[in-house]
Amino acid sequence: MIFPDKYKVNKKYPKKLFLDNKDLEAKDRTFIKKHIVSVTLTAQISGEEIPSIDNENYKYKVIQYLEVELDNIKYSNDMGKIFQNTFKSPLIVKFHDNNGYYTYSYALKRINKSFNNEIVISDSFTTRKIDSFIDIETGNLYNDFLDISKLLNNSDKVCLYHELYVKAFIIENRQLFNDYMKFLESKVYYDFINMMSFYDALVNLLQCKNELNRASTISKKIEINNRKNSCIDRIYSLI
């Protein structure tokens, strides 16, 4: 990922900040104490150059990018869940260790009016570990398509973060998408509603492929294939 210099912060967060956070469960504080080496707020998109959204659905006033060094990258998935739940703002976390491995954590957050307007996570994922010495292709894809200055929809912070999320999701699952480059280069991101319909269709397509691998009867396979084809039709109608 690439952030223009105007968003750079490079502020170190002391581990004590998390260890003293009483909103964290004791087991999470212990996990952080044991496995985190350092936490840096590398970049932050704030202000109104890219408009904030604060309404009944979203509270996106700042987008933060953290770089977190772990003693071992294998803990990044669990650590990603802790960080995404702790930070209520939209957050990107790059986890890395001293062996050259790294991962990214993303989460879509919204206001849940049924639970006292709390910020809740509607969708999230942490990428598989990436070898910075070998997997140059993946690193290049993240730098090319998740360069903040090159994103298509910066009409507000909700649109910007969701475009980041969808493109990261495609890169992470590109082995399952024959046309993943076409998906990344699509103009669908200009329209928020179409972008999220596109994302929903991608998620449903992956679900169908997983279900198809487990299906044991011909009738079930036919039913899943019909749903899969509908997802494919929906995707290509949008891009």
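Asn10 has its place in strand β1, in a predicted model where local features need pLDDT of at least 70, side-chain atom pairs count only at pLDDT 80 or more, and totals for chains, interfaces and linings use all residues. Residues are numbered from 1 along each chain as its sequence is written, and side-chain values use heavy atoms, with hydrogens and water left out. The protein comes to 8 helices and 9 strands; these are DSSP runs numbered from the N terminus, helices being H or I with at least four residues and strands E with at least two.

**Overall build**

- Along the principal axes, the C-alpha atoms fill a box of roughly 55 × 40 × 40 Å.
- Of the 239 residues, 48% are buried (buried means under 20% relative accessible area, exposed over 50%, and partly exposed in between, with a 1.4 Å probe and protein chains only).
- Among contacts with a separation of 6 or more, 65% join residues 24 or more positions apart (a contact means heavy atoms within 4.5 Å).

**Surface and charge**

- Carbon and sulfur atoms hold 48% of the accessible surface, which comes to about 12,400 Å². The areas come from the Shrake-Rupley method with a 1.4 Å probe, and for residues only the protein chains shown count as cover.
- The protein has 35 positive and 31 negative charges, and their mean positions are 4 Å apart. Lys and Arg count as positive and Asp and Glu as negative, while His and the chain ends are not counted; each charge is placed at NZ of Lys, CZ of Arg, CG of Asp or CD of Glu.

**Aromatic rings**

- There are 22 aromatic pairs in the structure. Rings of Phe, Tyr and Trp (its six-membered ring) pair if their centres lie within 6.5 Å; planes under 30 degrees apart count as stacked, over 60 as edge-to-face and the rest as tilted.
- Tyr106 and Tyr165 make an edge-to-face pair, with 6.5 Å from centre to centre and 85° between the planes. This pair links distant parts of the chain, 59 residues apart: Tyr106 is in strand β7 (residues 101-112) and Tyr165 in helix α5 (residues 157-172).
- Both Tyr106 and Tyr165 are buried.
- One aromatic cluster is formed by Tyr102, Tyr104, Tyr106, Phe125, Tyr142, Tyr165, Phe169 and Tyr199.

**Strand β1**

- Asn10 counts as exposed, at 53% relative accessibility. Its phi is near 55°, a positive value in a residue other than glycine.
- Most residues other than glycine have a negative phi.
- Lys11 also lies in strand β1 (residues 8-13), and at 46% relative accessibility Lys11 counts as partly exposed.
- Leaving aside residues up to four places away in sequence, Lys11 touches Val39, Thr40 and Leu41.

- Thr86 belongs to helix α3 (residues 76-86) and is partly exposed, with a relative accessible area of 24%.
- Thr86 touches Asn21 and Leu24, not counting residues up to four places away in sequence.
- Lys157 is found in helix α5 and counts as buried, at 0% relative accessibility.
- Beyond residues up to four places away in sequence, Lys157 touches residues including Ile45, Glu48, Pro51, Tyr60 and Ile63.
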